[in-house]
Amino acid sequence: MHIPRGTEDLLPEATEKWQVIENTLRKLSEKYHYKEIRTPMFERTELFQRGVGDTTDIVQKEMYTFEDRGGRSLTLRPEGTASVARSYVQHKMHGLPEQPTKLYYIGPMFRYERPQQGRTRQFTQFGIEAIGSDNPAIDAEVLAFAMECYEAFGLKSLKLVINSLGDHESRQNHRKALIEHFQPHQEELCQDCQVRLEKNPLRLLDCKVDQDHPAMKTAPSILDYLNEYSSNYFESVKKHLDAMGISYTVDENLVRGLDYYTQTAFEIMSEADGFGSITTLSGGGRYNGLIEDLGGPETSGIGFALSIERLLMALEAEKLSLETNAGIDCYIVSIGEEVTFTATELTHQLRQQGIRADRDYLNKKMKAQFKAAERANAKFVVILGENEMNEGKAQVKELATGEQTTVPLNEIATYIGGK
Ligand code: HAM
């Protein structure tokens, strides 16, 4: 029996790395003053239809939707922003004294996509959302945070790409221009794009089938349709980035795959050799209408999300390793049946004193027990023989130096702790 396509088992060698990554991301969140939110792994399907958008690939083709026994349509979350926005509205977080509300999440997301390197059906996102401020400074903070998520691990071959999608008015004008531009080519476009042209022409620019159509290259740029507010906003975001010394490239074709975006949109790419064909590491942007669409007051928000899977791919491409600390402090080697109860007692006592300890459970020979201690990456080995036990003592050997001392059983924790 195998796991479903597009999923993976993370065995201890992998989870050790994941824990390092998760801990680092949590520490970064503390540094930037974001607090953790945990929302359910499934939500009412309607949330994503309204939040992520009916015309997106995510909603149209990629959702894991099912009916529960009560006949409700539920969906495994394909992303985190809609859930966080729902929670923000449900718990009236706009009323909290501390604004903007700055939240982060780590957890699995589900999309029915064609699995390939960097694209799985279950993947883990780390994301942040800052809701309740339309100050360009917070856009820049989110971008800086996003970049630091990679820099914190020593990654260097990174590219930050930004764009503005404008406000409602700018988008309406751009929409009209897009329709005029693509209408003469309607017949040449894929089935999906023919529908997109009517419903949401911006989605055309994100089409993987028609990406090489000549009309794509000459499509009207959103940047030419930004009204004064949007254009000033974008300029200000760039100035804040300059103030932090963060470099970026403006790409007017960056549209993102979700419908809720307004104003600032961005992606971080890996430029490392051998990264693979999907180079986007993370993406995000502003979503000023989303809270209102979900029944909340007019509130602006911005955030981003990365997947830990792609972060690991970037580390591999740049040949960076993570420092994992998987060892234990002490392995108890017990010789002879008589000492087994003392070994149990000692292991238990050491653990209660905060020492990471393990012992033999297979009645192995002494040499094999030493091997097990080495494999467990133990710093010390406690050798418990019958004679020493009767004297209430044991030999303690430090594996790195080979130094061996006799230590009273009730002083072993202090001895190891002091080393
Ligand atoms: P997204 O661009 O759909 O945005 O996904 C963000 C990141 O999730 C991607 O850049 C990628 O690292 C990862 N990702 C997406 N799909 C997969 C997959 N199938 N396998 C592996 N990794 C994947 C969002 O989800 C927005 N909610 C981000 C956001 C937060 N915008 C504002 N706030």
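Cys149 belongs to helix H5, which covers residues 136–151. In this predicted model, Cys149 has a relative accessible area of 0%. Because the limit for a buried residue is under 20% relative accessible area, Cys149 counts as buried.

Position along the chain and position in space may be set side by side. Cys149 and Ala215 are separated by 66 residues in sequence, and their C-alpha atoms are 37 Å apart.

## Overall organisation

The protein chain is divided into two parts: domain 1 comprises residues 12–167 together with 227–317, and domain 2 comprises residues 328–417. A distance of 48 Å lies between the C-alpha centres of the two domains.

An unreviewed UniProt entry places the feature "domain: Aminoacyl-transfer RNA synthetases class-II family profile" at residues 1–318.

Which residues of helix H7 are buried? In this helix, formed by residues 191–199, they are Cys193, Arg196 and Leu197. These three residues lie on the same side of H7 because they cover an arc of only 105° around the axis. An α-helix has 3.6 residues a turn, so residues three or four places apart point the same way.

The face of H7 turned away from the buried side carries exposed residues, namely Gln191, Glu198 and Lys199.

Met41, Phe42 and Phe66 make a nonpolar surface patch of about 270 Å². One of these residues, Phe66, is found in strand S3, residues 64–67. Phe66 has a relative accessible area of 33% and is therefore partly exposed.

## Backbone features in loops

Where does a cis peptide bond occur? Such a bond joins Gln99 and Pro100, with omega at about -5°. Pro100 is located in the loop between helix H4 (81–90) and strand S5 (101–110).

For Asn363, phi is near 50°, and the residue is in the loop between strand S13 (357–359) and helix H13 (366–375).

Are these residues buried or exposed? His33 has 42% relative accessibility and so counts as partly exposed, whereas Asn363, at 68%, counts as exposed.

Terms used:
Residues numbered from 1 in each chain as written. Predicted model: local features only at pLDDT ≥ 70, side-chain atom pairs only at ≥ 80, totals over all residues. Heavy atoms only, no water. UniProt positions renumbered as here; feature names shortened; annotations may be inferred. Patch = residues over 30% accessible without salt bridge, like charges linked within 9 Å, V, L, I, M, F, W, Y side chains within 5 Å. Areas by Shrake-Rupley, 256 points an atom, 1.4 Å probe, with all protein chains shown as cover. Salt bridge = Lys/Arg side-chain N within 4 Å of Asp/Glu carboxyl O. Helix = DSSP H or I, 4+ residues; strand = E, 2+ residues; numbered from the N terminus. Buried < 20%, exposed > 50% of the residue type's maximum accessible area, 1.4 Å probe, protein only. Domains from an automatic or database assignment. Arc of directions from axis to C-beta.
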